[in-house]
Amino acid sequence: MTHGLDVAILGAGGFGREVLQYSQDARAAGWPNRVVGFIDNWSGAFERFDVSVPLLGSFGDIGQIDVRAFIIAVGDPALRRKLADAVVDFRGILVSLIHPTAYVAPTAQIGSGTVLCPYTLIAANSWVGPNVAVNVYASIGHDSRVGGHCVISPYAAVTGAVSLGDGSFLGTHCTIAPAVAIGACSKVSAGSVVTRDAEAGSLLIGNPAKGRVMYPLSGSG
Ligand SMILES: CC(C)(COP(=O)(O)OP(=O)(O)OC[C@H]1O[C@@H](n2cnc3c(N)ncnc32)[C@H](O)[C@@H]1OP(=O)(O)O)[C@@H](O)C(=O)NCCC(=O)NCCS
């Protein structure tokens with residue numbers, strides 16, 4: 001195995017513990033890096049669970065700890081962006097994590113720091129930006145574009161030629177119909193089916209989804 005990086009996971013909640021396991025699965029399959037701990041302002045995970053790596057510090061310690069490579073494991077796009085900015089400010093790097101069961105088409109592109117959880121599918125000629133979290137069983141169809149810092153919840157189906165703006169959130173089991181464009185910092189409620197384009201900052205709910213603009217554009221850019 002090539003010598004990889006020591007990596008800290010930013011976020012020690014449930015998703016963080018999932019990502020720790022995925023990193024160990026990936027390492028067993030040849031991913032060269034090694035998760036050495038968590039960073040979070042909250043230590044609850046360590047009181048309630050038997051976690052195999054330590055809490056290294058809080059978010060304010062990113063620049064002080066002796067680790068320069070990070071994976072972000074939080075489910076809020078605006079916080080993902082904030083943490084990614086902090087990593088860059090302290091000259092750290094975000095590393096990608098692709099679970100061995102994920103399928104990534106050879107023509108697809110994945111940004112730095114993006115996490116592909118088990119059984120995700122990234123289809124031909126799609127582009128998934130930096131620092132995106134694609135949760136279990138979610139799919140990104142051919143020719144789609146998913147902007148940076150987005151969170152794609154379990155079983156979400158992004159069909160073909162979709163455009164999803166930076167910092168957006170897709171709830172579990174939602175569907176985005178082919179060629180739909182959703183503006184930055186939008187949120188799609190769990191189970192919704194989006195059939196029409198939506199402005200930036202939209203909350204989209206229902207089948208077919210109805211939208212209203214209600215979120216600030218803080219996670220975009
Ligand atoms: C899309 C979502 C994240 C929005 O959450 P939010 O930004 O906190 O928004 P809120 O819950 O404050 O809801 C905003 C408004 O939409 C309404 N709303 C939210 N979800 C709704 C739904 N499914 N049906 C009807 N109305 C809904 C709220 O009642 C509220 O209305 P109001 O402004 O009149 O009070 C949330 O609706 C959702 O789907 N969560 C599921 C998350 C998920 O799948 N997580 C998986 C993690 S692994």
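Student: How many salt bridges does the count come to here?
Tutor: This is a predicted model, and the count for it comes to one salt bridge.

Student: Ok, which side chains meet in it?
Tutor: The side chains of Arg34 and Asp6 meet in that salt bridge, with a nitrogen-to-oxygen distance of 3.0 Å. Arg34 belongs to strand β2, residues 34-39, while Asp6 belongs to strand β1, residues 6-10, so the pair ties together parts that are 28 residues apart in sequence.

Student: Switching topic, what domains is the protein divided into?
Tutor: The division gives domain 1, covering 6-95, and domain 2, covering 98-210. Taken over C-alpha atoms, the centres of domain 1 and domain 2 are separated by 22 Å, and the contact takes 18 residues from domain 1 and 19 residues from domain 2.

Student: How much area do domain 1 and domain 2 bury between them?
Tutor: Between them, domain 1 and domain 2 bury about 1300 Å², and 64% of this is on carbon and sulfur atoms. On the side of domain 1, the residues that lose the most area to domain 2 are Tyr22, Pro77 and Arg80, which together account for 40% of what that side buries.

Student: What about salt bridges and polar contacts between domain 1 and domain 2, how many of each?
Tutor: There are zero salt bridges between domain 1 and domain 2, whereas three residue pairs are in polar contact, counting pairs with both residues at pLDDT 80 or more.

Student: Which elements supply the domain 1 side that touches domain 2?
Tutor: At least two residues each are supplied by α1 (14-28), β4 (69-72) and α3 (77-89), and α1 gives the most to that side of domain 1, with six residues. By residue class, the side of domain 1 that touches domain 2 divides into 12 nonpolar, one polar and five charged residues.

Student: Now His99, where is its place?
Tutor: His99 sits in the loop between β6 (97-98) and β7 (103-104).

Student: Is His99 buried or exposed?
Tutor: His99 has a relative accessible area of 8%, and it is classed as buried because that value is under the 20% cut-off.

Student: What does its side chain make a polar contact with?
Tutor: The side chain of His99 makes a polar contact with the side chain of Asp25, at 2.8 Å. Neighbours within four places in sequence aside, His99 is in contact with Tyr22, Asp25, Leu116, Cys117 and Pro118.

Key
Residues are numbered from 1 along each chain as its sequence is written. This is a predicted model: local features need pLDDT of at least 70, side-chain atom pairs count only at pLDDT 80 or more; totals for chains, interfaces and linings use all residues. Side-chain values use heavy atoms; hydrogens and water are left out. Domain bounds come from an automatic or database domain assignment. Contact means heavy atoms within 4.5 Å. Buried area is the accessible area (1.4 Å probe) that two parts lose on being put together, summed over both. A salt bridge is a side-chain nitrogen of Lys or Arg within 4 Å of a carboxyl oxygen of Asp or Glu. A polar contact is a pair of N or O atoms within 3.5 Å; within protein, one must be able to donate a hydrogen and the other to accept it, and residues adjacent in sequence count only if both atoms are side-chain atoms. Helices (H or I, at least four residues) and strands (E, at least two) are DSSP runs, numbered from the N terminus. Ala, Val, Leu, Ile, Met, Phe, Trp, Tyr, Cys and Pro count as nonpolar, Asp, Glu, Lys and Arg as charged, and the others, Gly among them, as polar. Buried means under 20% relative accessible area, exposed over 50%, partly exposed in between (1.4 Å probe, protein chains only).
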